[in-house]
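Okay, thanks for making time, everyone. Let me put the model up and then walk you through it.

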Amino acid sequence: MFVVPTVDLSPYLDGDPGGRPRTAIALDAACRGVGFMQVVGHGIRSAALTGLTDALDAFFALPEDDKRALVVTDGTNRGYTPPRNESLSRSLGVEQGNDFFEAFNVGTAADGPASGGDGNVWPDLPDFREGVEAWVGEARRIARALTTAMGDALGDREIFRRLAQDPVEVLRLNHYALDDLPEDLTPDLTDGDGPTGMGEHTDYGIVTVLWADRVAGLQILHDGAWHDVVPDEGALLVNLGDLTARVTGDTWRSTLHRVRPPVEHGRVRRRRSAAFFHDGDPDAAVETLPLPDAVPYLPTTVGEHLAAKLAGSRERHLNPDAGREAARVRAAR
Ligand SMILES: O=C(O)CCC(=O)C(=O)O
Ligand SMILES: [Fe+2]
């Protein structure tokens, strides 16, 4: 049976440091096998989660015009993304229609606008910014603990920290809801088989810390088949991104995933998620470590790699430099 392994991160947070070797071993197994894990022992207080979900609900309930006023056009990965504006599968060089998710992004100065600053825009909603920033603080704390544990598991505690002194970090709030099913999709839809909320992709960075509703929809590719994944009660999902696959020469996996929220009685079931991408410093060099089974990638920098991926998903240029991931998607079709 397919299982997403559980990793207790508390020894790397406020738990007993004596538990670290055990956590590092469990993490290594999860990273080699599935590339996704259920993370428990993260210590996030329920108030922080309520702050996040209240902010998310308030934002996506705004009138369309208010949301569209927060579309950012300077090429940065910020602000509102209306439905059907992106195609995540193009970040892999795979052609597909546009995804129906809508999203809102905030991030750090590391990939902010050329004019300086973090480039964030904020809706005029009480407590929104506080709720989102508090969640970013929690997700960042978890990402740091994870990269320390990942370093331990590879025998070099600082390996990922060296790539992320002042990193690109983006929080994307995702909302999957469709008032009307698009006509061109309706004939194919039976209960349980949804349209593409978010196309198949790998995440771009080092590691992703994902909170999601306990509603089906997230599917991950493992051993050539797509599997539904729902977070365990109180758990966060964590997955590895392409930069980690590059560093480890695919010893650890940047797992393909997609979102197809279920259709119930002819309607898509609403689903929410918040993905925190911990992506590294733009000018950090990314090279494959000499691990026993590593299949080396050509050296690149964090910035060059992210630019190629975002050009695919946002500007619809098929990414020609993602051959290994694209081959896996095609093989599963
Ligand atoms: O909504 C989800 O569960 C996954 C979102 C995701 O994969 C992403 O934002 O990169
Ligand atoms: Fe993702």
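Predicted model: local features only at pLDDT ≥ 70, side-chain atom pairs only at ≥ 80, totals over all residues.

For instance, leucine 210 has leucine 237, in β10, as its bridge partner.

On confidence, the chain has a mean pLDDT of 90, with 87% of its residues at 70 or more. For the complex, the predictor reports an ipTM of 0.99 and a pTM of 0.92.

Some overall numbers. The chain has eight helices and 16 strands. It runs to 333 residues, and 44% of them count as buried. And if you take the contacts in the chain with a separation of 6 or more, 76% are between residues 24 or more positions apart.

Now the eight-stranded sheet. Reading across, the order is β1-β2-β10-β7-β14-β5-β4-β3; the sheet is open and the pairing is mixed. At the edges sit β1, residues 6-8, and β3, residues 79-81, each pairing on one side only. From one strand to the next, the twist averages 25 degrees.

Helix α1, residues 20-33, packs on this sheet and touches β1, β2 and β10. Its direction makes about 155 degrees with that of β1. Then there's helix α2, residues 46-60, which lies across β4, β5, β7 and β14. Relative to β14, α2 runs at about 110 degrees.

Let's zoom in on β7, residues 207-212.

How many bridges join β5 to β14? Nine, and the two strands run antiparallel. One of the facing pairs is tyrosine 176 with arginine 271 of β14.

Four strands make an open, antiparallel sheet in the order β6-β11-β8-β9. Its edge strands are β6, at 198-201, and β9, at 225-228, and each of these pairs on one side only. Here the twist averages 20 degrees from one strand to the next. β6 is joined to β11, residues 257-259, by two antiparallel bridges. Methionine 198 has valine 259 as its partner there.

As a general point, in soluble globular proteins nonpolar side chains tend to be buried together. In this model, the largest nonpolar core has 74 residues, and Leu146, Ala149, Leu171, Val209, Val238 and Ala274 have the most contacts inside it. Which element gives the most to this core? That's α4, with 11 residues.

Just after the helix, glycine 155 takes a positive phi of about 85 degrees. Going back to alanine 149, and skipping neighbours within four places in sequence, this residue is in contact with Leu9, Tyr12, Thr23, Ala24 and Leu27.

Last stop, serine 10, which lies in the loop between β1 and α1. Is serine 10 buried or partly exposed? Buried would need 20 or more C-beta neighbours within 10 Å; serine 10 has 18 inside that distance, so it counts as partly exposed. Not counting residues up to four places away, serine 10 touches Gly15, Gly41 and Gly43. As for threonine 23, it sits 13 residues from serine 10 in sequence, and the two are 8.6 Å apart in space, C-alpha to C-alpha.

That's my tour, so over to you.

How values were computed: Residues numbered from 1 in each chain as written. Chains lettered and ligands numbered in written order. Pairing = 2+ DSSP bridges. Axes fitted to C-alpha atoms, helices over the stretch in contact; angles between N-to-C directions. Core = buried A, V, L, I, M, F, W, Y, C linked by C-beta atoms within 7 Å. Buried ≥ 20, exposed ≤ 12 C-beta atoms within 10 Å, placed from the backbone. Contact = placed C-beta atoms within 7 Å. pLDDT = per-residue confidence, 0-100.
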